[in-house]
Amino acid sequence: MTFSVLLTLTCKDPDARRRLQAVLSPDNEGGPRSLKLKATGAGSILKFRVGADSLQTAVSTALAILRDVSLFEEVWLLSHGDDAKVRG
């Protein structure tokens, strides 16, 4: 049995999506052999597909990506000051 998780993120704009994708892409190496990660982006939408042989690996990887996204968002907000806004 295999498990998959699809995360769809809507960024502020295409530039923010490209920056987030660039930040997260280097971390997609060195995982378990059964782990499959794919990131695709278009416009302001970034999608991560996580596939694994175990549910625990798929879910924990998706949660790790979400933690990294949250950290990126905090840094983005701090670095852009009053002009930064987060979509609800």
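1. In this predicted model, the cover over the buried residues of helix 1 includes strand 1, strand 2, strand 3 and helix 2. The residues of helix 1 that are buried are Ala-16, Arg-17, Leu-20, Gln-21 and Leu-24. Viewed down the helix axis, these buried residues fall within an arc of 130°, so they line one face of helix 1.

2. The N-terminal end of helix 1 is capped by Asp-13. A side-chain oxygen of Asp-13 lies 3.1 Å from the backbone nitrogen of Asp-15.

3. Ala-58, Thr-61, Ala-62, Ile-65, Val-69, Phe-72 and Trp-76 are the buried residues of helix 2. They pack against strand 1 (3-10), helix 1 (14-24), strand 2 (36-42) and strand 3 (45-52).

4. The largest nonpolar core contains 18 residues, and Leu-20, Phe-48 and Ile-65 have the most contacts inside it. At least two residues of this core come from each of strand 1, helix 1, strand 3 and helix 2. Helix 2 gives the most, with 6 residues.

5. Leu-20 deserves a separate remark. This residue is buried in helix 1 and is one of those with the most contacts inside the largest nonpolar core. Leaving aside residues up to four places away in sequence, Leu-20 touches Leu-9, Cys-11, Leu-46, Val-69 and Phe-72.

How values were computed
Residues are numbered from 1 along each chain as its sequence is written. This is a predicted model: local features need pLDDT of at least 70, side-chain atom pairs count only at pLDDT 80 or more; totals for chains, interfaces and linings use all residues. Side-chain values use heavy atoms; hydrogens and water are left out. Buried means under 20% relative accessible area, exposed over 50%, partly exposed in between (1.4 Å probe, protein chains only). Helices (H or I, at least four residues) and strands (E, at least two) are DSSP runs, numbered from the N terminus. Contact means heavy atoms within 4.5 Å. The arc is that of the directions from the helix axis to the C-beta atoms. A polar contact is a pair of N or O atoms within 3.5 Å; within protein, one must be able to donate a hydrogen and the other to accept it, and residues adjacent in sequence count only if both atoms are side-chain atoms. A nonpolar core is a set of buried Ala, Val, Leu, Ile, Met, Phe, Trp, Tyr and Cys residues joined through side-chain atoms within 4.5 Å.
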